[in-house]
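Hello,

Here is the structure I promised to pass on to you. Have a look at it, and then read on for what turned up.

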Amino acid sequence: MQVKILFIGPTESGKTVLANFLSDISENVGGEYKPTIGVRILEFESHLEAGGENRSCKVELWDCSGNFKFESCWPTLMKDCNGVAIVFNPDVPSHLKEIETWHSMFISTQSLHENQCLLIAHNKPGSATKEGHISLASPLNRLPQIQSNLEEEPEDVRKAFVGYIGNVVKAMSESREREEMSIIM
């Protein structure tokens, strides 16, 4: 099974650092900011536990630029995506408003279930934000949300993301089963 996940969100929210970490490209969580030009596609394998059995899943993680000058490319990026993760920095007040725009542009336009979407509150090194669920307006408040702190609890972040991939795979399987049943009926 292969899944395509988009990492979207405001500029300088930590999408690339998080994508590098989750795909095992880098353990480095700091460093100088380098904006993503367009999109980077990272491929890796994830091991899922479902019903007591281990399954392997190929993941395409599309690390999308948060710069609106690439907006004309976004419909192409969305094609055949199976999941969308909105990454934002909870220390930046404008990000909380901006993620509503990201939601309306990427999630509302797709026929994705809520469990195929994820909000990642990415705490950068030295973050002042306290861990905990961030109150957001509807419809964002219905989406699964995780706290990302790669300095203090990197494996918790990885475990939560693997759980999210499992949700995406499950939603894809259920959708395929519904399609097959509709053909049979």
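First, a term for what follows: a residue is buried at under 20% relative accessible area, exposed at over 50%, and partly exposed in between, using a 1.4 Å probe and protein chains only. The model is predicted, so local features need pLDDT of at least 70 and side-chain atom pairs count only at pLDDT 80 or more, while totals for chains, interfaces and linings use all residues. Residues are numbered from 1 along each chain as its sequence is written, and side-chain values use heavy atoms, with hydrogens and water left out.

Let me start with the salt bridges (a side-chain nitrogen of Lys or Arg within 4 Å of a carboxyl oxygen of Asp or Glu). The whole structure has 6 of them. In one, Asp 24 pairs with Arg 158, with the closest N and O atoms 3.1 Å apart. Asp 24 sits in the loop between H1 and E2 and Arg 158 in helix H4, so this pair ties together parts that are 134 residues apart in sequence. (Helices, H or I of at least four residues, and strands, E of at least two, are DSSP runs numbered from the N terminus.) With 54% relative accessibility Asp 24 is exposed, whereas Arg 158, at 16%, is buried.

Arg 158 also forms a salt bridge with Glu 155, at 3.2 Å from N to O. Glu 155 is partly exposed, at 48% relative accessibility.

Next, the helices. H1 and H4 pack at an angle of about 80°, their axes 11 Å apart; the axes are lines fitted to C-alpha atoms over the stretch in contact, and angles run from 0 to 180 degrees between N-to-C directions. The two helices are therefore roughly perpendicular, a label for angles of 65 to 115 degrees. In contact (heavy atoms within 4.5 Å) are Leu 18, Phe 21 and Leu 22 of H1 with Pro 154, Glu 155, Val 157, Arg 158 and Phe 161 of H4.

Finally, the nonpolar cores: sets of buried Ala, Val, Leu, Ile, Met, Phe, Trp, Tyr and Cys residues joined through side-chain atoms within 4.5 Å. The largest has 26 residues, and Val 3, Ile 5, Phe 7 and Phe 161 touch the most other members. H4 supplies the largest share of this core, 7 residues. A separate second core of 24 residues includes Leu 6, Cys 81, Cys 117 and Leu 136.

Happy exploring!

How values were computed:
Angles under 35 degrees count as roughly parallel, over 145 as roughly antiparallel, 65 to 115 as roughly perpendicular and the rest as oblique.
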